[in-house]
Amino acid sequence: MQSQEEAMIARARRVRLMVFDVDGVLTDGSLHFGADGEMIKTFNVLDGHGIKLLQQSGVITAIISARKSPLVARRAADLGIVHVQQGVHDKLSGYRTLLQECGIAAEDSGFIGDDVIDLPVLTRVGFAASVPNGHPEVRSRVHYVTTARGGQGAVRELCDFILRAQGNYEAALAPYLQ
């Protein structure tokens with residue numbers, strides 16, 4: 001009989017497409033507004049580098065977010081994330097489109113989200129993740145909960161976990177250890 005941890009690693013090993021929510025996952029979930037109403041978001045550089053390492057290992061990365069923000073589009077472009085869906089309140093529909101575009105089966109995909117709007121996708125992916133500051137209903141239904149909070153290295157932790165599960169972690173670090 002496979003332990004819960006072994007099952008989690010087996011699920012992460014299959015990930016060929018990793019999809020990220022933004023608010024509460026790539027950010028801490030806070031919304032900051034300037035005097036002129038402009039929105040400000042803070043992204044973690046560790047998370048960004050984790051996404052790049054995941055991409056370099058061959059995993060396709062994507063974003064599905066209910067909010068629409070030019071800041072997210074810019075961050076995604078900076079990270080080389082090609083598949084970006086913003087303003088998508090029906091995340092399941094967006095996810096199904098993404099699977100079709102990428103030619104990936106649901107069991108070979110992962111998603112990290114933090115709120116109930118993410119549940120339709122989280123309950124269908126092969127590898128579901130959340131953050132410790134995510135909604136309790138979400139945390140109770142995923143395969144993996146990071147120890148780092150959203151916007152504070154959670155995505156990097158998740159990327160490292162997937163890289164380790166797939167046996168690609170040491171190769172990802174090798175260029176930095178020469």
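Modeller: Start with burial. A residue is buried under 20% relative accessible area, exposed over 50%, and partly exposed in between (1.4 Å probe, protein chains only). Asp 108 has a relative accessibility of 13%, so Asp 108 counts as buried. Arg 16 comes to 42%, so Arg 16 counts as partly exposed.

Biologist: What kind of model is this, and how are residues numbered?

Modeller: This is a predicted model, in which local features need pLDDT of at least 70 and side-chain atom pairs count only at pLDDT 80 or more, while totals for chains, interfaces and linings use all residues. Residues are numbered from 1 along each chain as its sequence is written, and side-chain values use heavy atoms, with hydrogens and water left out.

Biologist: Next, charges. How many salt bridges does the structure hold?

Modeller: First the rule. A salt bridge is a side-chain nitrogen of Lys or Arg within 4 Å of a carboxyl oxygen of Asp or Glu. The structure holds 8 of them. One joins Asp 108 to Arg 16, with the closest N and O atoms 4.0 Å apart.

Biologist: Where do Asp 108 and Arg 16 lie?

Modeller: You need the naming of elements here. Helices (H or I, at least four residues) and strands (E, at least two) are DSSP runs, numbered from the N terminus. Asp 108 is in the loop between helix H4 (91-102) and strand S6 (109-112), and Arg 16 is in the loop between helix H1 (4-13) and strand S1 (17-20), so the pair ties together parts 92 residues apart in sequence. There is also a network: salt bridges link Arg 14, Arg 16 and Asp 108.

Biologist: Which residue forms a salt bridge with Lys 91?

Modeller: Asp 21 does, and the closest N and O atoms are 2.9 Å apart. This pair links distant parts of the chain: Lys 91 sits in helix H4, and Asp 21 in the loop between S1 and strand S2 (32-33), 70 residues apart. Both Lys 91 and Asp 21 are buried.

Biologist: How many residues apart are Asp 160 and Arg 156?

Modeller: They are 4 residues apart in helix H7 (residues 154-165), about one turn of the helix. Asp 160 has a relative accessible area of 12%, so Asp 160 is buried. Arg 156 is buried too, at 17% relative accessibility.

Biologist: Now the rings. How do I read an aromatic pair?

Modeller: Rings of Phe, Tyr and Trp (its six-membered ring) pair if their centres lie within 6.5 Å. Planes under 30 degrees apart count as stacked, over 60 as edge-to-face, and the rest as tilted. This structure holds 3 aromatic pairs. Among them is the tilted pair of Phe 127 and Tyr 144, with 6.2 Å centre to centre and 35 degrees between the planes. Phe 127 lies in strand S7 (residues 127-130) and Tyr 144 in strand S8 (residues 144-145), so the pair ties together parts 17 residues apart in sequence. Phe 127 and Tyr 144 are both buried.

Biologist: Are the rings of Phe 127 and Phe 161 stacked or tilted, and why?

Modeller: Their centres are 6.0 Å apart and their planes at 10 degrees, so the pair is stacked. Phe 127 is in strand S7 and Phe 161 in helix H7, so this pair ties together parts 34 residues apart in sequence. Phe 127, Tyr 144 and Phe 161 form one aromatic cluster.

Biologist: On to cysteines. How many disulfides are there?

Modeller: A disulfide is a covalent bond between the sulfur atoms of two cysteines. The test is a pair of cysteine sulfur atoms within 2.5 Å. By this rule the count is 0.
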